[in-house]
Amino acid sequence: MKILLIAPASGQWRHLGRHWWFNGKTFRFSMLSLLSVAAASPAEAEVRILDEQIEEVPWGERFDLVGITCMTALAPRAYELAELFRQGGTPVVLGGMHPTLCPEEAAGHADAVVVGDAEGLWPEVIADVAAGKSRGIYRHGSSPELAGLARLPRHLLSGRSYATLHAVQATRGCDQGCAFCSVAAAHQCRQRRRPVGEVLEEVGGLAGRFFIFVDDHLLADREYARELLKGLRPLGKRWVTQTTLAITQERELLNLAAEAGCVGVFVGLETFSPANLAEVNKGCHRVEEYRQAVRALHDHGIGVEAGVVFGFDGDRPSVFRQTLDLLESLEIDAVQVSVFTPLPGTKLFSREQGRLLDWNWAHYDFHHVVHQPAGLSVEALQAGHDWVTRAFYSPLRMVRRVVRCVLDRRRWRSLPFLVLINLAYWGRVMRWHIRGWDPAEDRVRSSCWPRAIWQELRRWRGRRGMGGVLSS
Ligand code: B12
Ligand code: SF4
């Protein structure tokens, strides 16, 4: 049986990997979703993985079954591909985050939909669909345990097109209940964990020194975290992950993480307003602790990529400049800027449906305004999001970050992470001509770059405009 597994890509992401410069490679590192589906496939199946960021769909070739994974922003492209294959007589199965959260919608475009993990359901789905007896939506009775997962067939991917094929997942889900988060919704605020021994065996078998934990909150369970970190220590690897700032409250854990080879973390700071955090039920972070937490991570040689979101009800035009200044003053190493987006299936979506301006899921990628903000115009929100992205990755600021890191011996370990990720985001700004302007100023003045450089130099020297939100 020939199975084609597709990771769709739309808009400017499609075929991005074909460019020889700024081709999005740094952001292509996981593919664990389809590798896991491939691993769960029957041994006799011939499986091929296709990534639309890199390759064209082989329309001329015949497959017995097509499986497509998708996040919300990629659902329209996934549905388009599904229609085309089904018109040609090939059955299609959909899975991944969006079909898990909107299974009825996805079922209208496919022969079968898998809700949640592929493991434990996929062989049955294949057999049913091949026999023309699909039950439509397939769900687990209860979420399966993560012990004994099959070995991932990483050889199905071409290493040249990815930053690394060494992505590993130790846990699934998150124990927090942030209202905007698809992970919280899909996993019902629960986290499942693989046996530490199996994770260590997988990591130990990876060639080279660097790998990525794609977990959403790797260090959520302290006991598990300690055991995992102690086991990682002798392997001498370097790795990055996502977590919350809670890790910085326990020195022992932070020391262990550093000794285990952690050189960078992504943390969703989201906003510098406590009221905004409360609006989305993000209870694991306190704004007044940001500064100390980031400092503690830096002191342990761990770089910090922060996620920030604009468009909360409390945000006004001044929020963009203020956030940029605070990110600088905290010495954040990299930032992922997002627009407030109620994703279908989340608590936020149920609450905010009445304020949605755009129902095209392709725009639910955190970079388009799809929701009516309370204190900003749609134009200002888009412009401010773009402007902060560009300004944070201006060459002047990037050089400053590198110099700061080089001057602090404790941070040297995280220097490669910092340089790589800054260049990657800068490349994105260049390739996609991200511009914007500061909504607190008039458009012409804020786009005048000699003036912007002059202001920056003044700010650098004076450290002005810190807003007084953070404790020192
Ligand atoms: C790694 C990652 C990325 C990586 C790589 C993604 C990739 N293609 O491999 C990168 C950096 C590229 C990325 C980018 C983005 N991401 Co992302 N990403 C993740 C992350 C952290 C882990 C995904 C992963 O590897 N999981 C491990 C695998 C094993 O688990 P899984 O995906 O759930 O797969 C299992 C099941 O779902 C099922 N399954 C999955 N697919 C299929 C298909 C079939 C046919 C079947 C049967 C079953 C099946 O079986 C699998 C095994 O059990 C998730 C968080 C998460 N927990 O999902 C966010 C996440 C998926 N990303 C998200 C977002 C929003 C984005 C961006 C839009 C962010 C941005 N602002 O730019 C971009 C989109 C880029 C684009 N347009 O293509 C959101 C999606 C929300 C939503 N509802 O759509 C998530 C959930 C993060 C979050 N907290 O909200 N991401
Ligand atoms: S802590 Fe992060 S992964 Fe967990 S629910 Fe909140 S946003 Fe989602």
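**Labels and their grounds**

Author: The shell around ligand 1 divides into 20 nonpolar, 13 polar and five charged residues. Here Ala, Val, Leu, Ile, Met, Phe, Trp, Tyr, Cys and Pro count as nonpolar, Asp, Glu, Lys and Arg as charged, and the others, Gly among them, as polar. This is a predicted model: local features need pLDDT of at least 70, side-chain atom pairs count only at pLDDT 80 or more, and totals for chains, interfaces and linings use all residues. Residues are numbered from 1 along each chain as its sequence is written, and chains are lettered from A and ligands numbered from 1 in the order in which they are written.

Reader: What makes a residue one of those that surround ligand 1?

Author: Its C-beta atom, placed from the backbone, must lie within 6 Å of the molecule. For ligand 1, 38 residues surround it, and the closest are S30, G67, T69, M71 and G95. Helix α1 (32-39) gives the most, with four residues. Helices are DSSP runs of H or I with at least four residues, strands are runs of E with at least two, and both are numbered from the N terminus.

Reader: Why is the shell around ligand 1 said to lie between domain 1 and domain 2?

Author: Domain 1 (2-138) and domain 2 (166-227 + 265-286 + 306-397 + 420-463) both give residues to this shell, so it lies between them. The bounds come from an automatic or database domain assignment.

Reader: Which residues surround ligand 2?

Author: They are C174, Q176, C178, C181, V183, A184, D216, H217, T244, G268 and C284. Six are nonpolar, four polar and one charged.

Reader: How do you know that V267 is buried or exposed?

Author: V267 has 24 C-beta neighbours inside 10 Å, so V267 counts as buried. Buried means 20 or more other C-beta atoms within 10 Å, exposed means 12 or fewer, and partly exposed is in between. V267 sits in strand β12 (residues 262-270).

Reader: Which class do E331 and H433 fall into?

Author: E331 has 17 other C-beta atoms within 10 Å, so E331 is partly exposed. H433 has 8, so H433 is exposed. E331 lies in the loop between α12 (319-330) and β14 (334-339). Its phi is positive, about 65°, although E331 is not a glycine. H433 also has a positive phi, near 50°. Most residues other than glycine have a negative phi.

Reader: What makes β3 and β4 a pair?

Author: Two strands pair if DSSP finds at least two bridges between them. Four bridges join β3 (residues 65-69) to β4, and the two run parallel. V66 stands opposite V92 in β4. From β3 the chain crosses through helix α2 (residues 75-87) to β4, a right-handed β-α-β crossover. Right-handed means that, with the strands pointing away from the viewer, the path from the first strand over the helix to the second runs clockwise.

Reader: Why are β2 and β6 called edge strands?

Author: The open sheet has six strands in the order β2-β1-β3-β4-β5-β6, with parallel pairing. β2 (46-51) and β6 (137-138) each pair on one side only.

Reader: What touches the most other members of the largest nonpolar core?

Author: Of its 125 residues, these do: L5, I68, A78, A82, V93, L94 and A257. Helix α14 (residues 378-392) gives the largest share, seven residues. A nonpolar core is a set of buried Ala, Val, Leu, Ile, Met, Phe, Trp, Tyr and Cys residues joined through C-beta atoms within 7 Å.
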